[in-house]
Amino acid sequence: LSAIGRYTIPVADGALVPQLDATFTGAHFYTVDNNPALRQNGYWLINSRLTYAADTFSVAIWAKNLANKKYTVSGLGNVSFGFLEIFPGLPRTFGLTVSGGF
């Protein structure tokens, strides 16, 4: 399930665009035998972005996983050796994106 809200605000030579989006991923297992140690409960991820866009360039600051939710993106069970591998999702992340064109 995904939702996004975006609003464009005209400014002098471009536009200011705030955005908020959310994604829900339902509970699931990572193995065919439904090993409870490799089960991920359902979770929400919330992201935000603020962009200034002009004719030939744009600058955006963004944040992903605003709530700093701990979740996994994959897992493997190796029964022969008796261990599990769990791959965590990204923590709260911030960034800056600059784009240009001609």
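How many aromatic pairs does a search of the whole structure find? The search finds three. Rings of Phe, Tyr and Trp (its six-membered ring) pair if their centres lie within 6.5 Å; planes under 30 degrees apart count as stacked, over 60 as edge-to-face and the rest as tilted.

The model is predicted: local features need pLDDT of at least 70, side-chain atom pairs count only at pLDDT 80 or more, and totals for chains, interfaces and linings use all residues. Residues are numbered from 1 along each chain as its sequence is written, and side-chain values use heavy atoms, with hydrogens and water left out.

Start with one of the pairs. A pair of aromatic rings is described by the distance of the centres and the angle of the planes. Phe 24 and Trp 44 have ring centres 5.2 Å apart and planes at 50°, so this pair is tilted. The two residues sit 20 residues apart and link distant parts of the chain. Phe 24 belongs to strand E3 (residues 14–25), and Trp 44 to strand E6 (residues 43–54). Strands (E, at least two residues) and helices (H or I, at least four) are DSSP runs, numbered from the N terminus. Phe 24 is partly exposed, at 31% relative accessibility. Trp 44 is partly exposed too, at 43%. Buried means under 20% relative accessible area, exposed over 50%, and partly exposed in between (1.4 Å probe, protein chains only).

Tyr 52 and Phe 57 form another tilted pair, 6.1 Å centre to centre with 50° between the planes. Tyr 52 is partly exposed at 27%, and Phe 57 is partly exposed at 38%.

Which element gives the most to the nonpolar patch? Strand E7 does, with three residues. Ile 61 has its place in E7.

E7 runs antiparallel to E10, and eight bridges join them. Two strands pair if DSSP finds at least two bridges between them. Ala 60 stands opposite Thr 97 in E10. Strand E10 (residues 93–100) is hardly covered: among its eight residues, the count of buried ones is zero.

Now follow the chain past E7. Asn 65 lies in the loop between strand E7 (57–64) and strand E8 (72–78). Is Asn 65 buried or exposed? Asn 65 is buried, at 4% relative accessible area. Among the residues that Asn 65 touches are Leu 45, Tyr 71 and Pro 91, not counting residues up to four places away in sequence. Contact means heavy atoms within 4.5 Å.

Asn 68 is in the loop between E7 and E8. Asn 68 is partly exposed, at 29%. Most residues other than glycine have a negative phi. Asn 65 has a positive phi of about 55°, and the phi of Asn 68 is positive, near 55°.
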